[in-house]
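Thanks for making the time, everyone. I would like to walk you through one chain, so please keep the sequence and the structure in view while I talk.

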Amino acid sequence: MGIEDKAVPIMVDATKGLSFADGYFDVLFSIGAYQYFGDTAGMLPSLMHHVKKGGYIAVAVNGIKHEFGENVPEEMKPFRDDPEVARTIHSIPWWAELWGREEGIEIVGISEMQSNDQA
């Protein structure tokens, strides 16, 4: 993307609020972590004001093809019985519905990663 010299990695607990000015980030992204703290309706909106108008929030998380409800496949039951996994691992439609609730959020792209079939 040509931002190697501009990207600054930070490690913060986003649930405690970020100590950055409004509009501080051009892009805010989370790789492999957002599902652990962002599964509530208020989380993404709490981050939005830190991103410049016209900026982006990008999220990459592991997930499932569809929500199972009570029909969890046998091979997944050992994982889905863990409350943390059941709370955090969701499908693309689940995330799209959650993020789509907030006015001002436009989902410009949402898809499976190329490595999905391997995983």
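This is a predicted model: local features need pLDDT of at least 70, side-chain atom pairs count only at pLDDT 80 or more; totals for chains, interfaces and linings use all residues.

D26 counts as partly exposed, because its relative accessible area is 48%, a value that falls between the 20% limit for buried and the 50% limit for exposed.

By the rule applied here, the count of salt bridges comes to 8. Among them is the one between K16 and D13, where the closest N and O atoms lie 3.9 Å apart; K16 is exposed, with a relative accessible area of 69%, whereas D13, at 38%, is partly exposed. K77 and E74 also meet through their side chains, at 2.8 Å from N to O, and here E74 counts as exposed at 58% while K77, at 31%, is partly exposed.

Let me return to strand 1, which covers residues 25-31 and gives the most to a nonpolar surface patch, namely 3 residues. That patch, of about 600 Å², is made by I3, V27, F29, I31, Y56 and V108. F29 lies in strand 1, and its relative accessibility of 46% makes F29 partly exposed.

Which residues of helix 5 are buried? They are W95, L98 and W99, in a helix that runs over residues 92-100. These three cover an arc of only 90° around the axis, and therefore they are on the same side of helix 5. The buried residues of helix 5 pack against helix 1 (34-37), helix 2 (43-48), strand 2 (51-60) and helix 4 (83-88).

Finally, the chain as a whole. There are 5 helices and 2 strands, and from the N terminus on the elements run β-α-α-β-α-α-α. Of the 119 residues, 22% count as buried, and the chain exposes about 8,700 Å², with carbon and sulfur atoms supplying 55% of that area. If we take contacts between residues at least 6 apart in sequence, 69% of them join residues at least 24 apart. The C-alpha trace spans about 45 × 30 × 25 Å along its principal axes.

Conventions
Residues are numbered from 1 along each chain as its sequence is written. Side-chain values use heavy atoms; hydrogens and water are left out. Patches are made of residues with over 30% relative accessible area and no salt bridge: like charges are joined within 9 Å, nonpolar side chains (Val, Leu, Ile, Met, Phe, Trp, Tyr) within 5 Å. Accessible areas come from the Shrake-Rupley method with a 1.4 Å probe; for residues, only the protein chains shown count as cover. A salt bridge is a side-chain nitrogen of Lys or Arg within 4 Å of a carboxyl oxygen of Asp or Glu. Helices (H or I, at least four residues) and strands (E, at least two) are DSSP runs, numbered from the N terminus. Buried means under 20% relative accessible area, exposed over 50%, partly exposed in between (1.4 Å probe, protein chains only). The arc is that of the directions from the helix axis to the C-beta atoms. Contact means heavy atoms within 4.5 Å.
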